[in-house]
Amino acid sequence: MPYLRKLPSGKWQVTVRNRAGERYSETFPLKTQARAWGLDEEAKLSRSSYRDPLAGKIKFGDWHDRWWAARVVEPHTRRGDASSIRTHVTPYWADWEVRDIARLDVQSWVRKLTLDDKGASAIRRAYNLMSSIMRAAVEEDLISVTPCRSIDLPTEAVKPPQWFTVPQAQAILDELAQPWQTMALLAFYTGLRWGELAGLHGFRIDWRRSRLFVVEVRTKSGIKEYPKSSKSRREVPIPEHVLEALARHMHDRDRDGVVFTTITKGRAGRLLDDGNWRKQTWWPAVEKSQFADVDGSLRSVPHYPPHSTRHTCASWLVQKGVSLYEVQHLLGHESYQTTQRYAHLAPDAHQAILGGWTRLESQLIIPASVATAA
């Protein structure tokens, strides 16, 4: 039974002992209210769903350390998350008691990050980590409900995909040495991510059916035997001329080994490093590349990163009438919305709108003489 006593102020204090043997109390104006609260708390003690009201007194910084030690993620994800937490999360929340963090406190923190111009992407990453930490606190019965709910986050501006035209892509290929020409050619015609290209094994190529299977992927920690998501594990068709180039590249090479490796004398045959490959191979080729514009003048190729070969593949296919559904499966997009970035490139993307204008009863016009004078 809860312990009741009347205070000098006339109010009633009720004390309950938790499962750890610790006492905690609440005060009420009426004895009936105190008794009802005490009985309710004792009833909770007998249920497995009971949450110790003192458990939430743990400091956020201490709770983060426990959560972080038990977290299972990829090494590169762990490094990025550690940086985000160190920069945006723990400096603000470390000394707060977990139980004291309310929804409006979280919203105020997000607003502060926004006013500090931290960037929508950085804020969203920091918030998602904060949300994971607080959700784990709920699951461990430290708090009853997470404060990370119904939070307004800054909108990330969706950038249109950067892609190369056929003359621009050809100009880059002409500046690349082998085997990087073949690697880039395969990228343009399959849309593989750089890590999927660098992790491709020869035994994943079906030479008779002109297909390759995306299974292994190169990461900062080595080769993974699975891609980033279930959709990423996929079968990709290879055009005949690309397959022929790939066959020439694989001549006298281990047909079961990694297809693209380092070629530097004394260091040949090692796994490629993304940063080194960009710096030593991709950017020099892009910076030297020039293409003939429609008016015949030579222009520099846009300074786009290797990932733009993936956007280029999707853009070319959509422009030739391949459905977004097919492109989604080719690229291994988890969400159809990701593929919709290319919808505006479809041949009939604006046909309904243009057709609507032509059906107007009359059109606005500018007389030719006025237009010439202007």
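I took buried to mean under 20% relative accessible area, exposed to mean over 50%, and partly exposed to mean in between, with a 1.4 Å probe and protein chains only. I noted that this is a predicted model, in which local features need pLDDT of at least 70 and side-chain atom pairs count only at pLDDT 80 or more, while totals for chains, interfaces and linings use all residues. Residues are numbered from 1 along each chain as its sequence is written, and side-chain values use heavy atoms, with hydrogens and water left out.

**Entry: aromatic rings.** I looked up Phe164 and found this residue buried, with a relative accessible area of 0%. Phe188 also counts as buried, at 2% relative accessibility. The two form an edge-to-face aromatic pair, 6.3 Å centre to centre with 80° between the planes; rings of Phe, Tyr and Trp (its six-membered ring) pair if their centres lie within 6.5 Å, and planes under 30 degrees apart count as stacked, over 60 as edge-to-face and the rest as tilted. Phe164 lies in the loop between α5 (120-139) and α6 (166-175) and Phe188 in helix α7, so the pair ties together parts that are 24 residues apart in sequence. Helices here are DSSP runs (H or I, at least four residues), numbered from the N terminus. I counted 14 aromatic pairs in the structure, and one aromatic cluster takes in Phe164, Trp180, Phe188, Tyr189, Trp194, Trp277, Trp282, Tyr304 and Trp316.

**Entry: the cavity.** I searched for cavities on a 1 Å grid over the protein atoms alone, a cavity being a set of points where a 1.4 Å probe fits but cannot get out, with lining residues having an atom within 4 Å of a point. The count comes to one cavity of 30 Å³ or more. The largest cavity holds about 80 Å³ of space, where volume is the space filled by probe spheres set on the points, joined across faces, edges and corners. Its lining has 13 residues, and the closest to its centre are Ala187, Trp194, Leu197, Pro306 and Thr309. I saw that α7 (180-190), α8 (194-198), α10 (274-288) and α11 (308-319) each supply at least two residues of this lining, with α7 giving the most, three residues.

Entry: I turned to Asp81, which is found in helix α3 (residues 75-93) and counts as buried at 5% relative accessibility. A polar contact of 2.8 Å joins the side chains of Asp81 and Arg71; such a contact is a pair of N or O atoms within 3.5 Å, and within protein one must be able to donate a hydrogen and the other to accept it, while residues adjacent in sequence count only if both atoms are side-chain atoms.

Notes: On a 1 Å grid over the protein atoms alone, a cavity is a set of points where a 1.4 Å probe fits but cannot get out, and a pocket is an open set with protein on both sides within 12 Å along at least five of seven lines; lining residues have an atom within 4 Å of a point.
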